[in-house]
Amino acid sequence: MYILCRHLRGEYILSDTIAAVSTAMTSSSGIGIVRMSGPDAVRIADLVFRGKRPGKLSDMPSHTIHYGYIFDGDDIIDEVLLMLMKAPNTYTREDVVEIDCHGGPLVLQSVLDLLIRRGARPADPGEFTKRAFLNGRIDLSQAEAVMDIIQSKSTFALKNSVGMLRGSIKDKIIELRKSIMHDIAWIEASLDDPEHIDSADIGPLIAEHIQGWMSEIDGLISENARVLKEGVKTVILGKPNAGKSSIMNVLLGQDRAIVTDIAGTTRDTLEEEVNLAGIPLIIVDTAGIHRTDDLVEKIGVDRARDSLKDADLIIYVVDRSTRLDQNDYDIMDMIRGRNVIVLMNKSDLECRADAAQIADKLDAPLVEVSAKEETGIDQLAALVKKMFLSGNISYNDQVFLTNARQKAAADRARDSLRLVARSIEDGMPEDLFTVDLMDAYEELGHIIGQSVGEDMIDAIFSQFCMGK
Ligand code: GDP
């Protein structure tokens with residue numbers, strides 16, 4: 001059965017009943033959930049569910065849990081708990097039934113197949129969340145936050161996405177759009193009614209407002225936020241035997257790279273993700289940088305130089321038990337001016353490296369560590385935290401746009417506002433301001449899904465996982 005649902009943008013769409021396994025199907029687990037949403041969800045559930053208590057689910061009150069069995073004809077498929085949630089206070093705003101089954105892929109697939117045979121349709125990836133959006137329960141920034149929560153790699157990213165899901169971005173954007181629209185209306189009105197509003201007042205006032213809006217948008221966009229979401233691209237550098245692999249292993253807490261006493265054995269680059277003080281580091285362990293004629297090693301050294309190009313952080317490991325040599329000087333020349341932390345490794349041994357010479361060459365903090373004794377790592381973590389959680393980034397309630405699509409829209413809104421500011425400076429006529437202000441208004445709308453086309457909505461939700 002299809003019914004017409006009112007779209008939040010005023011159009012009407014067809015809605016049928018969808019079903020999917022909402023938990024991971026890759027392995028067996030304690031429980032697995034099959035979820036169904038749509039106008040027929042309760043009717044279909046009544047066809048397959050026999051509760052311990054008599055009576056039909058359609059007659060039961062909403063938001064209740066029922067114990068019973070899923071039957072395919074006379075065959076029992078599983079013993080389940082069924083969650084009955086009737087519209088409108090549900091994830092999708094439609095009738096939703098969730099069936100807690102035992103968590104084996106076969107049993108979950110059998111329950112899903114049965115629901116489909118009884119009239120449900122397999123859900124597309126992200127379709128439950130798409131319905132929540134289309135039915136007006138959440139905006140697009142919140143829908144994307146759902147996906148980001150699932151994919152969060154760090155405590156920061158998770159907190160940020162939860163903040164976004166709670167609507168903090170939405171509220172800010174709505175406020176910004178409201179005040180931009182207010183000014184557009186005011187400019188229009190003043191042009192229509194020149195006797196009451198002096199057009200000479202318009203430019204300075206709008207210019208002042210633009211400053212405020214731009215700093216609000218700047219507050220939402222932060223380079224650090226990208227880094228924290230995607231991870232800090234970190235390169236570990238140092239001459240052979242400085243202890244790069246050993247440091248990496250300490251950070252990873254496991255033996256992943258091969259550690260040997262022969263110079264130059266770490267021939268390739270390895271990439272690993274570690275979580276240091278809540279910050280995800282994507283670490284590239286490189287072949288020791290040194291002058292070499294060995295072809296394989298040369299490839300590794302070239303790769304190390306390549307990976308330096310887009311690194312957010314360079315960890316330079318110095319073997320403090322030996323004197324600095326030409327390799328060290330080459331490395332320091334290469335990384336000067338970059339975001340560097342120097343690890344003075346092997347602090348358990350006597351110091352022969354001259355720290356003053358390093359301080360001379362590099363403007364970077366030095367940390368004494370011993371990969372062998374696993375000391376100094378806390379100081380490293382504190383430094384990284386200070387570097388990437390400083391400024392306007394912190395574990396507070398501020399929420400940032402970390403999603404590339406949303407950030408691009410915010411950037412375009414800022415560009416449009418800049419154009420207005422320039423028009424004001426150049427003394428352009430006031431009616432020109434409204435065109436760019438309107439563009440900024442529209443672009444901000446894209447962030448929360450206002451004025452976003454059907455194709456873009458499909459593209460966004462298709463990135464979701466199944467059953468969400
Ligand atoms: P890489 O070539 O820079 O990756 O260096 P490795 O991690 O392979 O380490 C080279 C050698 O130094 C190995 O024998 C390690 O056991 C040793 N080593 C690494 N870190 C320390 C440390 O903190 N103290 C001591 N005493 N030896 C270390």
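Arg-121 counts as partly exposed, at 27% relative accessibility. On the scale used here, buried means under 20% relative accessible area, exposed means over 50%, and partly exposed lies in between (1.4 Å probe, protein chains only). The model is predicted: local features need pLDDT of at least 70 and side-chain atom pairs count only at pLDDT 80 or more, while totals for chains, interfaces and linings use all residues. Residues are numbered from 1 along each chain as its sequence is written, and side-chain values use heavy atoms, with hydrogens and water left out.

**Salt bridges**

Side chains of opposite charge can pair when their charged atoms come close. A salt bridge is a side-chain nitrogen of Lys or Arg within 4 Å of a carboxyl oxygen of Asp or Glu. The structure holds 22 salt bridges.

Arg-121 forms a salt bridge with Asp-16, and their closest N and O atoms are 2.8 Å apart. Asp-16 lies in the loop between strand E2 (12-15) and E3, Arg-121 lies in strand E9, and the two are 105 residues apart. Helices (H or I, at least four residues) and strands (E, at least two) are DSSP runs, numbered from the N terminus. Asp-16 counts as buried, at 13% relative accessibility. Both residues belong to a network of salt bridges that also links Glu-94, Glu-127 and Arg-131.

Glu-98 and Arg-35 meet in a salt bridge of 3.6 Å, N to O. This pair links strand E8, which holds Glu-98, to strand E4, which holds Arg-35, across 63 residues. Both Glu-98 and Arg-35 are buried.

Asp-72 and Arg-118 form a salt bridge of 3.5 Å, N to O. Asp-72 is in strand E6 and Arg-118 is in the loop between H2 and E9, so the pair ties together parts that are 46 residues apart in sequence. Asp-72 is partly exposed at 22% relative accessibility, and Arg-118 is partly exposed at 28%.

**The sheet**

Strands of a sheet pair through backbone hydrogen bonds, either parallel or antiparallel. Here 7 strands form an open sheet with mixed pairing, in the order E5-E6-E7-E8-E4-E3-E9. Its edge strands, E5 (49-51) and E9 (121-122), each pair on one side only. Two strands pair if DSSP finds at least two bridges between them.

| Strand pair | Bridges | Sense |
|---|---|---|
| E3 and E4 | 4 bridges | antiparallel |
| E6 and E7 | 9 bridges | antiparallel |
| E7 and E8 | 5 bridges | antiparallel |

Within these pairs, Val-21 has Val-34 in E4 as its bridge partner. Phe-71 stands opposite Ile-76 in E7, and Leu-81 stands opposite Asp-100 in E8. The hairpin of E6 and E7 has 2 residues between the strands, and Gly-73 in this hairpin takes a positive phi near 65 degrees.

**A buried charge**

Asp-139 is found in the loop between helix H3 (127-134) and helix H4 (140-151). Asp-139 is buried but has no salt bridge, and Lys-170, the nearest side chain of opposite charge, is 5.3 Å away. Here Lys and Arg count as positive and Asp and Glu as negative, while His and the chain ends are not counted. The side chains of Asp-139 and Ser-141 are joined by a polar contact of 3.0 Å. A polar contact is a pair of N or O atoms within 3.5 Å; within protein, one must be able to donate a hydrogen and the other to accept it, and residues adjacent in sequence count only if both atoms are side-chain atoms.

**The chain overall**

The protein chain comes to 16 helices and 15 strands. Of its 468 residues, 49% count as buried.
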